[in-house]
Amino acid sequence: EEQKSTHSLSVVTMVPLVNLEEKLIDNLEEYAKAMDHKLQNIRRNIQKMRTENKKAQLDAIGYLSNPLNGFSLVRRLHQDWAGWRQYMEQPVGASKIRNLDNLRSRLPCKEDLHDACEGLVRIQGNYELNITDIIRGKLQGRQHNASMSAIDIFAVGNYLLNTSRPASAIQWLQEVVIHSQESFLPAEISVKEVEFLKLLALAHKGNQSFPNALALMESCLKLRPHDADLVRKCREIEELMGTPLNATLKDEKKSYLSLKEMAIACNVTLKNPAGLHCFYNFNTTSFLRLAPLKVEQVGLHPQVLLYHEVLSPREITSIIRIATQRMKVAKTTNKVKTNSKTHYRTAKYHWIVKEMTKLGRRIKRRIGDMTGFDLQSSESYQVINYAIGGHYGPHYDFFNFSTDHSKRKNDYRTGGDRIATVLFYLSDVEQGGATAFPTARYIVYPRAGTALFWHNLDTEGNGDLLSRHTACAVISGSKWVMTEWIRERSQIFIRPCLPRKNTTSPRLG
Ligand SMILES: O=C(O)CCC(=O)C(=O)O
Ligand SMILES: [Fe+2]
């Protein structure tokens, strides 16, 4: 499942877009100045020409009796107006248009916009938020200083309809009617009322509410009586009204089940099991006798531990700085392929080789102290920064080599299955973004410097189904985590034997 990850824009990789937007505005302003210059040129000359023409109008015969005036009029009409025609035709600010073209390769692509739409829709669905509230900037009860314009909502509705979710499209588009139509575009190129109505009509059509669809499409036709496409669409809907309804509305997506699972797992009212403890870990390694680690039990079956203050603010700053630089480079030098079909994980990530830096080695020793595991064959650290509404759908970290023989051939190269995971939180998250265990029913909210530790395999080396987990959608904030997947191979002599659960412990295969 991990392979399905997309490469959408994360909060940090979007930061350069702010400067890019400034550049684009500057360029448009230059364009406006070029137009201003031309306009002034024209106006100034109009004034001069009018003065001369008025003189002639006053007494045409007298004016033309003077051969110099007569000559000049003939010359002007023959030559100057050909000149004006040329001047009127000349493109204004051609270099500014070229600048714009040059910047276009750095602008978000269609898939980026789709990811952003999906992110908003996910926040709404994942936490079952009211759409009107979202549009007005009220997210999970908290009023934010931002809201959506009609054209923003239009984009979301359009995306939903194109991805076969007409019922959701209607819910979003209905809000457009209520809100005023402010946009950053001149009216000529902005989305027009008729286009809103048409999209809403098509959404109703997709939802098989044909009378609504027809009424809306007819009101479009009133606004544009000669639009052949509208006429055709009206006829289509009329025909559909005569046929029996298609019983199975295809409004559900493949990802629906995992979203439902997340909606349950990520619910804010969810509480972890009671009666658990906090303690100092003095004994995983001898070093801990000098510097014990603070541990909090999240749950016992399966055991999930939360280590407190295992990364310092300085360490976190360094990690984020390294990852940020690499993430930006990856975006601009080779545009990564986006996989728009699967939105299983919406984040940007970067691998940090732990042996490369002092910091990497220091953290490696600390993971050893926390877990007691040998990290020789383990993977690089994966630093993740989540996107708008970024999440990671429900999954297991193990490959389950022990039952899936087709994957086993990679076993020796990769150091075995992922026996355990250490998930460092590098940031607090303002709203949302918890790590939830849907089967075990645990939920953990990120706090910078803490780390979550759990086993993915049971004592026999089989994948533990209770280790299923998910990163809930980020509502607001920039969520940073760093993952260390510990491999099985080098633990053969040190793997601690977990107390066996009762006979009904879940097993794969
Ligand atoms: O970001 C999170 O909360 C979970 C990340 C995760 O599950 C993973 O990277 O395997
Ligand atoms: Fe995971």
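Modeller: Strands here are DSSP runs of at least two residues, numbered from the N terminus. The model is a predicted one. With that understood, strand E14 (469-471) and strand E16 (480-487) each supply at least two residues of the shell around ligand 1. The residues around this ligand are Tyr392, Asp397, Leu423, Thr435, His469, Ala471, Val481 and Thr483.

As for the rest of the chain, the protein is divided into domain 1 (19-104), domain 2 (110-242) and domain 3 (269-491). The largest nonpolar core contains 102 residues, of which Ile153, Leu173, Leu200, Phe424, Ala451 and Phe453 touch the most other members. At least three residues of this core come from each of domain 2 (110-242) and domain 3 (269-491). In soluble globular proteins, nonpolar side chains tend to be buried together. Leu173 illustrates the packing: apart from neighbours within four places in sequence, Leu173 is in contact with Ile153, Gly157, Phe196, Leu199, Leu200 and Ala203.

An unreviewed UniProt entry annotates residues 25-59 as "coiled-coil region". In the model, the span 25-59 is 97% helix and 0% strand, and its end C-alpha atoms lie 51 Å apart.

Conventions
Residues are numbered from 1 along each chain as its sequence is written. Chains are lettered from A and ligands numbered from 1 in the order in which they are written. This is a predicted model: local features need pLDDT of at least 70, side-chain atom pairs count only at pLDDT 80 or more; totals for chains, interfaces and linings use all residues. A residue is near a molecule or strand if its C-beta atom, placed from the backbone, lies within 6 Å of it. Helices (H or I, at least four residues) and strands (E, at least two) are DSSP runs, numbered from the N terminus. UniProt positions are given in the numbering used here, feature names are shortened, and annotations may be inferred rather than shown by experiment. A nonpolar core is a set of buried Ala, Val, Leu, Ile, Met, Phe, Trp, Tyr and Cys residues joined through C-beta atoms within 7 Å. A residue is buried if 20 or more other C-beta atoms lie within 10 Å of its own, exposed if 12 or fewer, and partly exposed in between; C-beta atoms are placed from the backbone. Domain bounds come from an automatic or database domain assignment. Two residues are in contact if their C-beta atoms, placed from the backbone, lie within 7 Å.
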